[in-house]
Amino acid sequence: MLKCRSAWKKLAPLARASSTVCRQNVRRAGFNNGRIPACVPAAHMSTGPAGGGRENQLYALLVGAACVGGGLYAYRTVKGDQRRYMQRIGEIEARQQKSSDEEAAAPIESEPPAVEAAETEAVTEPEPEAAPSPEPEAAPSPEEPSPPAPEAEVVASTETTEPTKGDSAPVAPKIPSHAPYVLIGGGTASFAAARSIRARDPGARVLIVTDEPDPPYMRPPLSKELWFSDDPSVTETLRFKQWNGKERSIYFQPPSFYINAEELDSAENGGVAVLSGKKVVHMDVRGNKIKLDDDTEISYDKCLIATGGVPRNLQVIERAGEEVMNRTTLFRKIEDFRSLDKVSRNIKSITIIGGGFLGSELACALGRRSADGGLEVIQMFPEKGNMGKVLPEYLSNWTTEKVKKEGVKIVSEALVKSVVYKDDKLEIQLKDGRLVKTDHIVAAVGLEPNVDLAKSAGLEVDSDFGGFRVNAELQARSNIWVAGDAACFYDIRLGRRRVEHHDHAVVSGRLAGENMTGASKPYWHQSMFWSDLGPDVGYEAIGIVDSSLPTVGVFAKATAKDTPKAATEQSGTGIRSESETEDTATSPVASSTPAPAVVEHKDEYGKGVIFYLRDKVVVGIILWNVFNRMPIARKIIKDGEEHADLNEVAKLFNIHDD
């Protein structure tokens, strides 16, 4: 406005002078022609050759153009100031603004409809159609988009109106257009990577994008401790008691640990933001960008893919129709736990298909419930015994008997031929002619790594193990890393592998985070995994544990302290991998107690060590009811030496001590 006022002061004398010249020319022309000035045609007043009319016309055009230009400049200046004002106010008010805030702002918007329409039109059109007001009076809408991310307006309007749940991730009303570190997937690997990045780069800004509504959480309790809780509201609180009696939440951190996504750019000390309920559908590797399912694009400097996997299903179930699918659970997420808990309380029979870790754990957990509520629990699998693909046959058979004692009906060597829904029951027809009738099915037949982004990103998928193929530093491309279940990595000791366990997600996520900040470390740490068949029987494993490999087992009599419950009481944590550190593996001391002969077949397997061999070298170890000795097993595999007497090696674990 100041510039326009100065321009008008300079142009005003010219305008007045030109008006005076025009009047004088009119009078002169009238006197010379002897006519009344009023009869002179208006067109001749400025075009007569003797009166300088052409010059007057140029003056008039100049003045008119200056007025129009000044008005246009003033209008755009006012609108620019108004838009910047609205943006600044929007940034303040858009931080988790509730509907009450919007209602409070409504009375301020007292601008007449005609002016409001003119302002809206002026934003999109270069020339105004109505005179602008000198000062912006209307309060900005919280959905007003900022220039770097114009597409965020629609996202913000939908997200701010959605209610948040108790322990769900903070809902971001705006999505940042750029984040230095973008982590795709909201599981254990992403959380471990975020902590690792922040540890090495305290001011780092990390954005976790997940299609789940929850912040990162641990999955093992979903099939273990949560089922043994006495709290009737456990499906809502998701708090459970560990075997040692201590209570814990399934979430790694409460929502207050994370910052809102729209604050990521402005956070003074950086932070970790979770963008929940958003799925990444496309990756532009060359442009360093990802695209969400709402077409929003986010650029990054470095990216981690930790998409995990999706539960497999049997083709016979998928082809069986909607009635069968509606009565089938694929167990993986929090919502699956809640759904199965509700279903198991309202039916009479449930069948678990699968004899691996997940299937056996769920069978034992639901078996305990069968004693109280009269629920029939059936577990069927193609192997001869539980966990037949992992455990040697004699130990698999012993485990099967243990599961039966938990109230579970075992159907072994079962190959499903068809599943139909008939007379309010699911009928499972086996290939050997057996027929099993049930109300609900839980398919626990493995995990399929989620590699949906491989095609758009141009990343390689391993044909043997599945998952994104990465090097020993978990790197798929120069600025892209992969961790967790979806990573097919090169183990410098055991070769190429893909592991689907909690501890591997922690270890690989942590390593990927370190390498994203420039550590350049290879993968050599052997992650472990564990499984509990209730509070009394559990095992920990490391390396390649495949029942098709030659095995040697050394067992001893168990005591009261040789249980998962006792182990958690000693370590103070229910996630036993958290107590496994490298420091305790430096100098194992063998027991001085004489060891018995190697036992391969025995009726009672209280506790022991099972060695898995490949070319006479130990490549895998299972500690059966032996806890807090995993660093020793890790060191044995890392050394990669041949051992003439594994009975002596077993003494390192002190299994013969009372």
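This is a predicted model: local features need pLDDT of at least 70, side-chain atom pairs count only at pLDDT 80 or more; totals for chains, interfaces and linings use all residues.
Accessible areas here come from the Shrake-Rupley method with a 1.4 Å probe.

**Entry 1: the whole chain**

I looked up the secondary structure and found 18 helices and 28 strands in the protein chain. Of its 658 residues, 48% are buried. I then took the contacts with a separation of 6 or more, and 70% of them are between residues 24 or more positions apart.

**Entry 2: cysteines**

I searched the whole structure for disulfides and found 0. Cys303 has 0% relative accessibility, so I list Cys303 as buried. Cys488 also comes out at 0% relative accessibility and is therefore buried.

**Entry 3: the sheet E19-E22-E23**

I traced an open sheet of 3 strands in the order E19-E22-E23, and its pairing is mixed. Strand E19 (468-469) and strand E23 (495-497) are the edge strands; each has a single partner strand, so one side of each lacks a neighbour in the sheet. Strand E22 covers residues 487-491 and pairs with E23 in the antiparallel sense over 3 bridges.

Tyr490 lies in strand E22 and stands opposite Arg496 in E23. Its relative accessible area is 39%, so I record Tyr490 as partly exposed. Together with Ile492 and Trp524, Tyr490 makes a nonpolar surface patch of about 300 Å².

**Entry 4: strand E24**

Is strand E24 enclosed or open to the outside? I counted 5 of its 5 residues (528-532) as buried, so E24 is largely enclosed by the rest of the structure. In a regular strand the side chains alternate between the two faces of the sheet. I see Met528, Trp530 and Asp532 pointing one way from E24, and Phe529 and Ser531 pointing the other way. The partner I looked up is strand E25 (residues 538-543), which runs antiparallel to E24 and is joined to it by 5 bridges. Met528 stands opposite Ile542 in E25.

**Entry 5: helices H17 and H18**

Helix H17 (residues 630-639) is mostly covered, with 7 of its 10 residues buried. I list the buried ones as Met630, Pro631, Ile632, Ala633, Arg634, Ile636 and Ile637. What do these buried residues pack against? I find helix H15 (502-516), E24, E25, strand E28 (617-624) and H18. Just after H17, Gly640 has a positive phi of about 65 degrees.

In helix H18 (residues 646-650) I picked Ala650. Ala650 has 0% relative accessibility and so counts as buried. Leaving aside neighbours within four places in sequence, I find Ala650 in contact with Val554, Phe611 and Ile655. I also took the C-alpha separation of Ala650 and Gly553, which is 8.9 Å for two residues 97 apart along the chain.

**Entry 6: Thr210**

I located Thr210 in the loop between strand E2 (205-209) and helix H7 (220-223). Not counting residues up to four places away in sequence, Thr210 touches Gly185, Gly186, Val274, Leu275, Ser276, Gly277 and Lys278.

**Entry 7: salt bridges**

Side chains of opposite charge can pair when their charged atoms come close. I count 24 salt bridges in the model, and I went through several of them.

- Arg219 and Glu212 form a salt bridge, with their closest N and O atoms 3.1 Å apart. Arg219 is partly exposed at 23% relative accessibility, whereas Glu212 is buried at 8%.
- Glu247 and Arg239 form a salt bridge, with their closest N and O atoms 3.1 Å apart. Glu247 is partly exposed at 49% relative accessibility, and Arg239 is partly exposed at 34%.
- Arg469 and Asp462 meet through their side chains at 2.2 Å, N to O. Arg469 is partly exposed, with a relative accessible area of 32%, whereas Asp462 is buried at 5%.

I also noted a network of salt bridges that links Arg368, Lys402 and Glu406.

Methods: Residues are numbered from 1 along each chain as its sequence is written. Side-chain values use heavy atoms; hydrogens and water are left out. Two strands pair if DSSP finds at least two bridges between them. Helices (H or I, at least four residues) and strands (E, at least two) are DSSP runs, numbered from the N terminus. Buried means under 20% relative accessible area, exposed over 50%, partly exposed in between (1.4 Å probe, protein chains only). A disulfide is a pair of cysteine sulfur atoms within 2.5 Å. Patches are made of residues with over 30% relative accessible area and no salt bridge: like charges are joined within 9 Å, nonpolar side chains (Val, Leu, Ile, Met, Phe, Trp, Tyr) within 5 Å. A salt bridge is a side-chain nitrogen of Lys or Arg within 4 Å of a carboxyl oxygen of Asp or Glu. Contact means heavy atoms within 4.5 Å.
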